[in-house]
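Thanks, everyone. Please have the sequence and the model open.

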Amino acid sequence: MSRREQLGQVVRFGLVGGVNTATFFGVYLLLHPWMPYFAAYSLAFLLAMVGSFFMNTYFTYRTRPTWKKFLLFPLTNITNYAVQSVGLYALVRWAGLDTRIAPLVAAVAAIPFTFLLSRRILVPRSARAGRPGPGEPGEPGASRV
């Protein structure tokens, strides 16, 4: 993969991240008045993760979504969730940040981890090396979601 292609992925990841973060934050703010902040955060996170999977497969990495990738994708978000959750807790409890703003700040800290892990899961090793893999455009293989 050329540097230009890698840069394109990073830029597209940033765009998807912006849309995903806005979606997450909007859902969080809608749920926040009706449930505890951490429950609202968790539900918004799960909904945004499903959207993130499809935006990243189709747009960021230009690969086909498969059931295998869909089932593995949450693994990329475990680190993201952990970093954001610890950040959220610390920002609210120790830094006294407003519970409506803290999730947004915590999300920024998780961006580099999420990019590297999602690329590893969503882009087959062969495609990262410049060859289409099973289930990728030009290759028969995995079932699509």
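Start with α1: at 1.5 Å a residue, its 29 residues should span 42 Å, and the end C-alpha atoms are 41 Å apart, which agrees. The expected span here is 1.5 Å times one less than the number of residues in the helix. Helices are DSSP runs of H or I with at least four residues, strands are runs of E with at least two, and both are numbered from the N terminus.

A word on the source. This is a predicted model, in which local features need pLDDT of at least 70 and side-chain atom pairs count only at pLDDT 80 or more, while totals for chains, interfaces and linings use all residues. Residues are numbered from 1 along each chain as its sequence is written, and side-chain values use heavy atoms, with hydrogens and water left out.

Back to α1. Among its buried residues are Gly8, Gln9, Arg12, Asn20 and Phe24. Buried means under 20% relative accessible area, exposed means over 50%, and partly exposed is in between, with a 1.4 Å probe and protein chains only. The buried residues of α1 pack against α2 and α4, the latter being 102-122. Contact, throughout, means heavy atoms within 4.5 Å.

Next, α3. Its 27 residues should span 39 Å at 1.5 Å a residue, and the end C-alpha atoms are 38 Å apart, which agrees. Asn77 is itself one of the buried residues of α3, as are Lys69, Phe73 and Asn80. The cover over the buried residues of α3 includes α2 and α4.

For the chain as a whole, there are five helices and zero strands. Of the 145 residues, 37% are buried. Among contacts between residues at least 6 apart in sequence, 66% join residues at least 24 apart.

Now the cores. A nonpolar core is a set of buried Ala, Val, Leu, Ile, Met, Phe, Trp, Tyr and Cys residues joined through side-chain atoms within 4.5 Å. The largest one has twelve residues, including Phe24, Phe25, Tyr41, Phe45, Leu88 and Ala102. The elements giving two or more residues to this core are α1 (3-31), α2 (37-60) and α3 (67-93). Which of them gives the most? That is α2, with five residues. A second, separate core has eight residues, among them Phe13, Phe53, Tyr61 and Leu122. As for Phe25, leaving aside neighbours within four places in sequence, its contacts are Arg100 and Leu104.

Two polar pairs. A polar contact is a pair of N or O atoms within 3.5 Å; within protein, one must be able to donate a hydrogen and the other to accept it, and residues adjacent in sequence count only if both atoms are side-chain atoms. Ser42 sits in helix α2 and counts as buried at 17% relative accessibility. The Ser42 side chain makes a polar contact with that of Tyr81, at 3.0 Å. Thr114, in helix α4, is buried with a relative accessible area of 11%. Its side chain makes a polar contact with the side chain of Asn80, at 2.8 Å.

Last, Arg62, in the loop between α2 and α3. Its phi is near 50 degrees, a positive value in a residue other than glycine. Is Arg62 buried or exposed? Arg62 is exposed, because its relative accessible area is 54%.
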